[in-house]
Amino acid sequence: MGIRVLTLSDVETPAVYSSRIRSRFGSNDLVISCGDLPSYYLEYVISMLNLRLYYVNGNHVQRPESEDNAERYEHPWGAINLHRKVVYDREHDLLLAGIEGSSRYNDGPHQYTQGEMWRMVLGLAPQLARNRVKYGRYLDVFVTHASAAGIQDDIDKAHQGIDAFRWLLATFKPRYHLHGHMHHYNPLKPNLSQFGNTTVVNTYGYREIEI
Ligand SMILES: [Zn+2]
């Protein structure tokens with residue numbers, strides 16, 4: 001039996017933010033958000049499904065009405081931020097790592113140059129190497145907001161893929177790369193593709209996958 005994962009990103013889904021969320025999504029084991037969702041939405045999912053929720057922030061962190069809430073906006077209550085972290089989920093025997101944000105296109109928050117992305121990704125490498133020794137594999141699920149260069153990315157500055165992410169996929173071969181940020185209304189653009197050993201999933205809206 002695989003691990004059933006509910007993924008969320010970018011847009012709120014009425015079926016998720018609903019009183020029927022338990023009957024519709026209650027059979028999942030874990031929730032992963034790839035960013036650009038408000039805290040109240042993620043907190044609703046956590047409290048209603050009573051599941052662990054991992055996340056990274058997107059580039060669109062919605063600003064609170066008052067600055068008192070600023071902290072909570074970027075850190076939904078009860079959720080686990082994967083940014084620049086490698087985490088072992090013992091209950092599901094799952095190795096996760098994450099990087100928030102997108103490539104830099106203006107002066108907004110959570111935007112990084114390719115060089116900054118490289119430094120953050122390389123910062124994960126020692127722990128991924130330790131995973132190999134300890135668990136026999138580097139990584140199971142790589143969670144980001146932006147996509148990897150040349151894989152489900154786009155050519156404009158805001159949506160160009162991250163070179164360091166592609167390197168991580170090629171080097172550490174996670175089973176899954178989950179990302180958001182790509183609002184695909186064009187049905188010809190893929191939301192699911194294979195890169196070597198890695199299944200790459202655009203989590204726009206919501207998805208249910210079995211790992
Ligand atoms: Zn985005």
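Two residues are said to be in contact when heavy atoms of theirs lie within 4.5 Å. Keep in mind throughout that this is a predicted model.

**Stop 1: two helices**

Select residues 114-135, which form helix α4, and then residues 163-172, which form α5. Which residues of α4 meet α5? They are Gln114, Met117, Trp118, Val121, Leu122, Leu124, Ala125 and Leu128. On the α5 side, the residues in contact are Asp163, Ala164, Phe165, Trp167, Leu168 and Phe172. The axes of α4 and α5 come within 8 Å and cross at roughly 25°. Angles under 35 degrees count as roughly parallel, so α4 is described as roughly parallel to α5. The crossing of the two helices is right-handed.

**Stop 2: the zinc ion**

Which residues coordinate the zinc ion? The donors come from Asp36 (OD), Asn59 (OD1), His145 (NE2) and His181 (ND1), at 2.1 to 2.4 Å. Asparagine 59 sits in the loop between β3 (53-55) and α3 (70-74), and histidine 145 in the loop between β9 (141-144) and α5. These two are 86 residues apart, so the pair links distant parts of the chain. Along the sequence, the spacing of the donor residues reads D-x22-N-x85-H-x35-H.

Why is the arrangement around the zinc ion called irregular? The four donor atoms subtend angles of 83 to 165°, which makes it so. For a tetrahedral label, all angles would have to lie between 85 and 135 degrees.

Next, colour by accessibility. Is asparagine 59 buried or exposed? Its relative accessibility is 4%, so asparagine 59 counts as buried. Histidine 145 is buried too, with a relative accessible area of 0%.

**Stop 3: helix α2**

Select residues 39-49, which make up helix α2. How many of the eleven residues of this helix are buried? Nine of them are, so α2 is largely enclosed by the rest of the structure. The buried ones are Ser39, Tyr41, Leu42, Glu43, Tyr44, Val45, Ile46, Met48 and Leu49.

**Stop 4: positive phi angles**

Most residues other than glycine have a negative phi. The next selections are exceptions to look at in turn.

- Histidine 110 lies in the loop between β7 (102-103) and β8 (111-112). It is not a glycine, but its phi is positive, about 60°. Histidine 110 counts as buried because its relative accessibility is 12%.
- Glutamine 152 is found in the loop between β9 and α5. Its phi is positive as well, about 55°, although it is not a glycine. At 8% relative accessibility, glutamine 152 counts as buried.

**Stop 5: one loop, two neighbours**

Finish at the loop between β5 (85-89) and β6 (94-99), where histidine 92 is placed. Which residues does histidine 92 touch, not counting those up to four places away in sequence? They are Ile3, Asp29 and Leu30. Histidine 92 is buried, with a relative accessible area of 14%.

Glutamate 91 lies in the loop between β5 and β6. With 59% relative accessibility, glutamate 91 counts as exposed. Draw a line from the C-alpha of glutamate 91 to that of isoleucine 162: they are 31 Å apart in space and 71 residues apart in sequence.

Terms used. Residues numbered from 1 in each chain as written. Predicted model: local features only at pLDDT ≥ 70, side-chain atom pairs only at ≥ 80, totals over all residues. Heavy atoms only, no water. Donors = N, O, S within 2.8 Å, 3.2 Å for Na, K, Ca; no water. Tetrahedral: all angles 85-135°; square planar, octahedral: opposite > 155°, others 65-115°. Helix = DSSP H or I, 4+ residues; strand = E, 2+ residues; numbered from the N terminus. Buried < 20%, exposed > 50% of the residue type's maximum accessible area, 1.4 Å probe, protein only. Axes fitted to C-alpha atoms, helices over the stretch in contact; angles between N-to-C directions. Parallel < 35°, antiparallel > 145°, perpendicular 65-115°, else oblique. Left-handed = near helix turned anticlockwise from the far one by under 90°.
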